[in-house]
Amino acid sequence: MTEYRIEVRVTPRRGILDPQGNAVAGALGTLGFRGVREVHVGRLIVFHMDAESEGEAKERGEAMCRQLLANPVTEDFSVQVAAAPGSAR
Amino acid sequence: MKIGVVTFPGSNCDYDCFKAVQEQMEAEAVYLWHREHDLQGVDAVFLPGGFSYGDYLRAGAIAAQSPIMREVAAFAREGGPVAGICNGFQILCEAELLPGALMRNRSLKFRSRQVHLRVERDDLPFTSGYTAGQVLRVPIAHGEGCYFADEATLARVEGEGLVAFRYSTPDGTINAEANPNGAARNIAGIVNERGNVLGMMPHPERAVDALLGSTDGLGLFRSLAAHLARA
(Lines give C-alpha, C1' and ligand atoms only; values in the text may rest on other atoms or scores of the structure.)
Protein backbone atom coordinates (compact mmCIF):
# COMPACT_ATOMS: atom_id res chain seq x y z
CA MET A 1 0.00 0.00 0.00
CA THR A 2 1.18 3.48 -0.84
CA GLU A 3 -0.24 6.72 0.39
CA TYR A 4 -1.23 8.97 -2.49
CA ARG A 5 -2.20 12.59 -2.59
CA ILE A 6 -5.21 13.10 -4.85
CA GLU A 7 -6.21 16.40 -6.37
CA VAL A 8 -9.65 16.57 -7.92
CA ARG A 9 -10.42 19.61 -10.06
CA VAL A 10 -14.07 20.25 -10.79
CA THR A 11 -14.93 22.95 -13.33
CA PRO A 12 -18.16 24.12 -14.96
CA ARG A 13 -18.72 22.14 -18.14
CA ARG A 14 -17.42 24.00 -21.16
CA GLY A 15 -20.10 25.84 -23.06
CA ILE A 16 -22.45 26.09 -20.09
CA LEU A 17 -23.16 29.62 -18.92
CA ASP A 18 -20.97 30.32 -15.88
CA PRO A 19 -22.40 33.44 -14.20
CA GLN A 20 -19.85 33.22 -11.41
CA GLY A 21 -16.97 33.21 -13.89
CA ASN A 22 -18.53 36.13 -15.76
CA ALA A 23 -18.87 38.13 -12.54
CA VAL A 24 -15.22 37.53 -11.66
CA ALA A 25 -14.17 38.48 -15.20
CA GLY A 26 -16.13 41.71 -14.85
CA ALA A 27 -14.51 42.53 -11.50
CA LEU A 28 -11.03 41.88 -12.88
CA GLY A 29 -11.80 44.26 -15.73
CA THR A 30 -12.97 46.89 -13.25
CA LEU A 31 -9.64 46.57 -11.45
CA GLY A 32 -7.86 47.30 -14.70
CA PHE A 33 -6.62 43.82 -15.59
CA ARG A 34 -6.80 43.83 -19.37
CA GLY A 35 -7.18 40.95 -21.79
CA VAL A 36 -8.83 38.55 -19.34
CA ARG A 37 -11.12 36.00 -21.02
CA GLU A 38 -12.71 32.65 -20.30
CA VAL A 39 -12.84 32.98 -16.52
CA HIS A 40 -14.30 29.94 -14.77
CA VAL A 41 -14.70 29.25 -11.09
CA GLY A 42 -14.49 25.65 -9.95
CA ARG A 43 -13.46 23.59 -6.95
CA LEU A 44 -10.28 21.89 -5.86
CA ILE A 45 -10.70 18.88 -3.60
CA VAL A 46 -7.55 17.42 -2.04
CA PHE A 47 -7.20 14.27 0.01
CA HIS A 48 -4.81 11.46 0.85
CA MET A 49 -5.70 7.83 0.18
CA ASP A 50 -4.00 4.46 0.44
CA ALA A 51 -3.99 2.38 -2.73
CA GLU A 52 -2.04 -0.46 -4.32
CA SER A 53 -1.01 1.59 -7.32
CA GLU A 54 -1.28 5.01 -8.89
CA GLY A 55 -3.72 3.55 -11.42
CA GLU A 56 -5.99 2.21 -8.70
CA ALA A 57 -5.88 5.55 -6.86
CA LYS A 58 -6.89 7.39 -10.03
CA GLU A 59 -9.67 4.94 -10.77
CA ARG A 60 -11.11 5.32 -7.28
CA GLY A 61 -10.80 9.11 -7.49
CA GLU A 62 -12.74 9.08 -10.75
CA ALA A 63 -15.43 6.84 -9.25
CA MET A 64 -15.78 9.38 -6.42
CA CYS A 65 -16.25 12.15 -8.98
CA ARG A 66 -18.96 10.25 -10.81
CA GLN A 67 -20.84 9.45 -7.62
CA LEU A 68 -20.39 12.59 -5.54
CA LEU A 69 -17.60 15.08 -6.16
CA ALA A 70 -18.84 16.33 -9.56
CA ASN A 71 -22.29 16.67 -11.10
CA PRO A 72 -22.17 14.93 -14.49
CA VAL A 73 -24.89 17.25 -15.81
CA THR A 74 -23.03 20.51 -15.30
CA GLU A 75 -19.41 19.84 -14.42
CA ASP A 76 -16.20 18.32 -15.76
CA PHE A 77 -13.55 16.83 -13.55
CA SER A 78 -9.94 15.74 -13.64
CA VAL A 79 -8.06 13.63 -11.13
CA GLN A 80 -4.35 14.01 -10.46
CA VAL A 81 -2.49 11.46 -8.37
CA ALA A 82 0.95 11.80 -6.81
CA ALA A 83 2.77 9.97 -4.04
CA ALA A 84 2.02 11.72 -0.75
CA PRO A 85 5.02 13.55 0.69
CA GLY A 86 6.98 11.17 2.93
CA SER A 87 5.11 8.05 1.80
CA ALA A 88 7.06 4.83 1.24
CA ARG A 89 7.49 3.93 -2.42
CA MET B 1 -52.96 8.72 5.84
CA LYS B 2 -49.39 9.23 6.99
CA ILE B 3 -46.97 11.64 5.36
CA GLY B 4 -43.22 11.82 5.99
CA VAL B 5 -41.22 15.04 5.99
CA VAL B 6 -37.49 14.39 5.80
CA THR B 7 -35.23 16.52 7.98
CA PHE B 8 -31.60 16.91 7.00
CA PRO B 9 -29.13 18.94 9.01
CA GLY B 10 -29.75 22.40 7.56
CA SER B 11 -33.36 21.84 6.47
CA ASN B 12 -35.37 24.92 7.43
CA CYS B 13 -38.76 24.49 5.78
CA ASP B 14 -39.49 21.13 7.35
CA TYR B 15 -41.84 22.55 9.98
CA ASP B 16 -43.75 24.64 7.42
CA CYS B 17 -44.20 21.51 5.37
CA PHE B 18 -45.16 19.43 8.41
CA LYS B 19 -47.79 21.98 9.40
CA ALA B 20 -49.18 22.24 5.86
CA VAL B 21 -49.50 18.46 5.75
CA GLN B 22 -51.21 18.30 9.15
CA GLU B 23 -53.60 21.17 8.57
CA GLN B 24 -54.28 21.05 4.84
CA MET B 25 -54.16 17.32 4.18
CA GLU B 26 -55.63 16.43 7.58
CA ALA B 27 -53.05 13.67 7.63
CA GLU B 28 -50.67 12.37 10.24
CA ALA B 29 -47.28 13.95 9.65
CA VAL B 30 -44.02 12.41 10.81
CA TYR B 31 -40.46 13.67 10.62
CA LEU B 32 -37.96 11.34 9.03
CA TRP B 33 -34.38 11.98 10.16
CA HIS B 34 -31.71 11.83 7.48
CA ARG B 35 -29.81 9.04 9.24
CA GLU B 36 -32.83 6.74 9.50
CA HIS B 37 -33.35 3.71 7.27
CA ASP B 38 -37.07 3.41 7.91
CA LEU B 39 -39.82 5.36 6.18
CA GLN B 40 -42.24 4.35 8.97
CA GLY B 41 -44.85 3.16 6.51
CA VAL B 42 -45.66 6.62 5.13
CA ASP B 43 -47.91 7.05 2.10
CA ALA B 44 -45.94 9.98 0.64
CA VAL B 45 -42.70 11.82 1.30
CA PHE B 46 -41.81 15.52 1.24
CA LEU B 47 -38.22 16.69 0.92
CA PRO B 48 -38.38 20.21 2.33
CA GLY B 49 -36.45 23.37 1.56
CA GLY B 50 -33.37 24.61 3.33
CA PHE B 51 -29.64 24.23 3.06
CA SER B 52 -29.02 20.57 3.76
CA TYR B 53 -25.43 19.97 4.85
CA GLY B 54 -24.82 23.69 4.46
CA ASP B 55 -25.03 23.30 0.66
CA TYR B 56 -21.46 22.01 0.89
CA LEU B 57 -20.00 20.64 -2.34
CA ARG B 58 -23.22 21.40 -4.28
CA ALA B 59 -26.76 22.12 -3.12
CA GLY B 60 -28.35 18.76 -2.34
CA ALA B 61 -25.31 16.66 -3.26
CA ILE B 62 -24.53 15.28 0.17
CA ALA B 63 -28.16 14.90 1.22
CA ALA B 64 -28.74 12.80 -1.91
CA GLN B 65 -26.31 10.22 -0.50
CA SER B 66 -27.81 10.10 3.01
CA PRO B 67 -29.27 6.82 4.39
CA ILE B 68 -32.89 8.01 4.28
CA MET B 69 -32.54 8.89 0.57
CA ARG B 70 -31.83 5.27 -0.26
CA GLU B 71 -35.23 4.43 1.20
CA VAL B 72 -36.88 7.39 -0.53
CA ALA B 73 -35.40 6.27 -3.86
CA ALA B 74 -36.72 2.72 -3.36
CA PHE B 75 -40.14 4.13 -2.37
CA ALA B 76 -40.15 6.32 -5.49
CA ARG B 77 -39.22 3.40 -7.73
CA GLU B 78 -42.25 1.52 -6.39
CA GLY B 79 -44.44 4.46 -7.40
CA GLY B 80 -44.73 6.16 -4.01
CA PRO B 81 -45.42 9.90 -4.25
CA VAL B 82 -42.36 12.04 -3.46
CA ALA B 83 -42.30 15.83 -3.65
CA GLY B 84 -39.12 17.87 -3.30
CA ILE B 85 -39.49 21.58 -2.67
CA CYS B 86 -36.59 23.97 -3.32
CA ASN B 87 -33.62 22.20 -1.70
CA GLY B 88 -35.73 19.04 -2.02
CA PHE B 89 -35.80 19.54 -5.82
CA GLN B 90 -32.02 19.95 -5.82
CA ILE B 91 -31.69 16.73 -3.81
CA LEU B 92 -33.97 14.81 -6.21
CA CYS B 93 -31.83 15.91 -9.18
CA GLU B 94 -28.61 15.05 -7.35
CA ALA B 95 -30.10 11.64 -6.49
CA GLU B 96 -30.91 11.22 -10.22
CA LEU B 97 -34.57 10.66 -9.42
CA LEU B 98 -35.24 13.62 -11.73
CA PRO B 99 -33.31 14.69 -14.82
CA GLY B 100 -31.17 17.83 -15.01
CA ALA B 101 -29.62 20.03 -12.35
CA LEU B 102 -30.23 23.29 -10.50
CA MET B 103 -27.49 25.83 -11.07
CA ARG B 104 -26.64 29.20 -9.59
CA ASN B 105 -29.23 31.84 -10.51
CA ARG B 106 -28.11 33.73 -13.60
CA SER B 107 -28.33 36.97 -11.65
CA LEU B 108 -26.04 35.47 -8.98
CA LYS B 109 -28.59 36.87 -6.53
CA PHE B 110 -30.65 35.03 -3.97
CA ARG B 111 -34.25 35.58 -5.06
CA SER B 112 -36.92 35.74 -2.37
CA ARG B 113 -40.27 36.93 -3.64
CA GLN B 114 -43.67 35.94 -4.96
CA VAL B 115 -43.68 34.58 -8.49
CA HIS B 116 -46.38 33.41 -10.85
CA LEU B 117 -46.49 29.82 -11.99
CA ARG B 118 -48.44 28.36 -14.86
CA VAL B 119 -49.72 24.87 -14.17
CA GLU B 120 -48.67 22.61 -17.05
CA ARG B 121 -49.92 19.27 -15.73
CA ASP B 122 -53.17 18.75 -13.88
CA ASP B 123 -53.12 14.95 -13.99
CA LEU B 124 -50.49 14.35 -11.31
CA PRO B 125 -50.97 13.17 -7.72
CA PHE B 126 -49.84 16.67 -6.67
CA THR B 127 -51.74 18.81 -9.17
CA SER B 128 -55.14 17.22 -9.84
CA GLY B 129 -56.82 20.03 -7.90
CA TYR B 130 -55.47 22.59 -10.35
CA THR B 131 -56.38 23.15 -13.98
CA ALA B 132 -53.73 23.19 -16.71
CA GLY B 133 -53.11 26.79 -17.72
CA GLN B 134 -54.12 28.10 -14.28
CA VAL B 135 -51.71 30.69 -12.87
CA LEU B 136 -50.65 30.41 -9.23
CA ARG B 137 -48.95 32.92 -6.98
CA VAL B 138 -46.33 31.18 -4.84
CA PRO B 139 -43.09 32.43 -3.27
CA ILE B 140 -39.56 31.43 -4.22
CA ALA B 141 -36.48 31.76 -2.01
CA HIS B 142 -33.32 30.37 -3.56
CA GLY B 143 -29.87 31.16 -4.89
CA GLU B 144 -29.52 28.03 -7.00
CA GLY B 145 -32.74 27.46 -8.86
CA CYS B 146 -31.71 27.83 -12.48
CA TYR B 147 -32.93 24.58 -14.01
CA PHE B 148 -30.45 23.19 -16.50
CA ALA B 149 -30.33 20.11 -18.69
CA ASP B 150 -28.61 19.44 -22.00
CA GLU B 151 -30.63 19.90 -25.19
CA ALA B 152 -31.34 16.18 -25.60
CA THR B 153 -32.67 15.94 -22.04
CA LEU B 154 -34.74 19.12 -22.45
CA ALA B 155 -36.23 17.71 -25.64
CA ARG B 156 -37.18 14.55 -23.77
CA VAL B 157 -38.56 16.52 -20.79
CA GLU B 158 -40.73 18.59 -23.16
CA GLY B 159 -41.60 15.67 -25.44
CA GLU B 160 -42.81 13.52 -22.56
CA GLY B 161 -44.58 16.45 -20.91
CA LEU B 162 -42.55 16.30 -17.71
CA VAL B 163 -42.83 20.01 -16.95
CA ALA B 164 -45.30 20.50 -14.10
CA PHE B 165 -44.93 24.27 -13.52
CA ARG B 166 -43.39 27.16 -15.45
CA TYR B 167 -42.59 30.69 -14.32
CA SER B 168 -45.05 32.96 -16.06
CA THR B 169 -46.49 36.44 -16.06
CA PRO B 170 -49.73 36.94 -14.07
CA ASP B 171 -51.70 36.23 -17.26
CA GLY B 172 -49.84 32.99 -17.96
CA THR B 173 -47.39 34.19 -20.61
CA ILE B 174 -44.04 32.42 -20.57
CA ASN B 175 -41.25 34.92 -21.19
CA ALA B 176 -37.81 35.93 -19.95
CA GLU B 177 -39.25 38.70 -17.80
CA ALA B 178 -41.20 36.18 -15.72
CA ASN B 179 -38.13 33.99 -15.23
CA PRO B 180 -36.53 34.77 -11.85
CA ASN B 181 -33.41 32.64 -12.16
CA GLY B 182 -32.64 31.87 -15.81
CA ALA B 183 -34.19 28.40 -15.75
CA ALA B 184 -34.29 26.64 -19.13
CA ARG B 185 -37.76 26.99 -20.73
CA ASN B 186 -38.92 28.82 -17.57
CA ILE B 187 -39.07 25.47 -15.81
CA ALA B 188 -40.07 25.80 -12.15
CA GLY B 189 -41.02 22.18 -11.52
CA ILE B 190 -40.78 18.80 -13.24
CA VAL B 191 -41.89 15.23 -12.67
CA ASN B 192 -40.42 11.87 -13.59
CA GLU B 193 -41.90 9.76 -16.41
CA ARG B 194 -44.24 7.98 -14.04
CA GLY B 195 -45.43 11.26 -12.53
CA ASN B 196 -44.95 10.18 -8.91
CA VAL B 197 -41.80 12.23 -8.23
CA LEU B 198 -42.17 16.02 -8.33
CA GLY B 199 -39.44 18.60 -7.86
CA MET B 200 -40.19 22.33 -7.73
CA MET B 201 -38.26 25.41 -6.67
CA PRO B 202 -41.26 27.49 -5.46
CA HIS B 203 -42.65 26.91 -1.97
CA PRO B 204 -46.32 25.82 -1.94
CA GLU B 205 -46.09 25.28 1.84
CA ARG B 206 -45.57 29.02 2.19
CA ALA B 207 -48.79 29.74 0.31
CA VAL B 208 -51.42 27.95 2.38
CA ASP B 209 -52.94 30.80 4.38
CA ALA B 210 -54.17 34.27 3.48
CA LEU B 211 -51.90 35.57 6.23
CA LEU B 212 -48.93 34.35 4.18
CA GLY B 213 -50.03 36.37 1.16
CA SER B 214 -51.40 33.53 -0.94
CA THR B 215 -53.37 30.33 -0.63
CA ASP B 216 -52.45 29.03 -4.08
CA GLY B 217 -50.19 26.32 -2.62
CA LEU B 218 -53.16 24.63 -0.92
CA GLY B 219 -54.07 22.82 -4.12
CA LEU B 220 -50.87 20.81 -4.06
CA PHE B 221 -51.48 19.41 -0.58
CA ARG B 222 -55.17 18.82 -1.20
CA SER B 223 -54.50 17.15 -4.56
CA LEU B 224 -52.12 14.73 -2.87
CA ALA B 225 -54.62 14.06 -0.07
CA ALA B 226 -57.33 13.32 -2.62
CA HIS B 227 -54.96 11.08 -4.59
CA LEU B 228 -54.05 9.08 -1.50
CA ALA B 229 -57.68 8.82 -0.41
CA ARG B 230 -58.54 7.32 -3.81
CA ALA B 231 -55.61 4.89 -3.76
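A salt bridge is a side-chain nitrogen of Lys or Arg within 4 Å of a carboxyl oxygen of Asp or Glu. In this predicted model, the side chains of Arg60(A) and Glu56(A) meet that rule, with N and O 3.4 Å apart. Both residues belong to helix H2 of chain A, which covers residues 54-69. They stand 4 residues apart, about one turn of the helix. Arg60(A) has a relative accessibility of 36% and therefore counts as partly exposed. Glu56(A), at 25%, is also partly exposed.

Over all chains, a search of the whole structure finds 17 salt bridges. Another of them lies in chain B, where the side chains of Lys19(B) and Glu23(B) meet at 2.8 Å, N to O. These two residues are 4 residues apart in helix H1 of chain B, so about one helical turn separates them. Lys19(B) is partly exposed, with a relative accessible area of 35%, and Glu23(B) is partly exposed at 44%.

Helix H1 of chain B spans residues 14-24. Which of its residues are buried? They are Asp14(B), Cys17(B), Phe18(B), Ala20(B), Val21(B) and Gln24(B). Seen down the axis of H1(B), these buried residues fall within an arc of 165°, so they line one face of the helix. What do the buried residues of H1(B) pack against? Their partners in chain B are strand S1 (2-7), strand S2 (28-33), strand S3 (44-47), strand S4 (82-85) and helix H5 (218-230). After H1(B) comes Glu26(B), which has a positive phi, near 50°.

A further helix of chain B, H3, runs over residues 87-94 and contains Gln90(B). Is Gln90(B) buried or exposed? Its relative accessibility is 6%, so Gln90(B) counts as buried. Apart from neighbours within four places in sequence, Gln90(B) is in contact with Ala59(B), Gly60(B), Leu102(B), Glu144(B) and Met201(B).

Chain B also holds a salt bridge between the side chains of Arg121(B) and Asp123(B), at 2.7 Å from N to O. The cut-offs are needed here: buried means under 20% relative accessible area, and exposed means over 50%. Arg121(B) has a relative accessibility of 18% and so counts as buried, while Asp123(B), at 53%, counts as exposed. Elsewhere, salt bridges that share partners join Arg118(B), Glu120(B), Glu151(B), Glu158(B), Arg166(B) and Arg185(B) into one network.

The last topic is the interface of the two chains. The contact takes 15 residues from chain B and 16 residues from chain A. Between them the chains bury about 1,200 Å², and 68% of this area is on carbon and sulfur atoms. Which three residues supply more than any other three of the area that chain B buries against chain A? They are Leu57(B), Arg58(B) and Leu108(B), with 40% of that area.

Across this interface the rule finds 1 salt bridge. Glu75(A) forms a salt bridge with Arg58(B), and their closest N and O atoms are 3.6 Å apart. Arg58(B) is also one of the three residues named above for the area that chain B buries. The interface has 5 residue pairs in polar contact, counting pairs with both residues at pLDDT 80 or more. By class, the side of chain B that touches chain A has 7 nonpolar, 3 polar and 5 charged residues.

Methods
Residues numbered from 1 in each chain as written. Chains lettered and ligands numbered in written order. Predicted model: local features only at pLDDT ≥ 70, side-chain atom pairs only at ≥ 80, totals over all residues. Heavy atoms only, no water. Contact = heavy atoms within 4.5 Å. Buried area = accessible area lost by both parts, 1.4 Å probe. Polar contact = N/O pair within 3.5 Å; in protein donor to acceptor, adjacent residues only side chain to side chain. Nonpolar A, V, L, I, M, F, W, Y, C, P; charged D, E, K, R; others polar. Buried < 20%, exposed > 50% of the residue type's maximum accessible area, 1.4 Å probe, protein only. Arc of directions from axis to C-beta.
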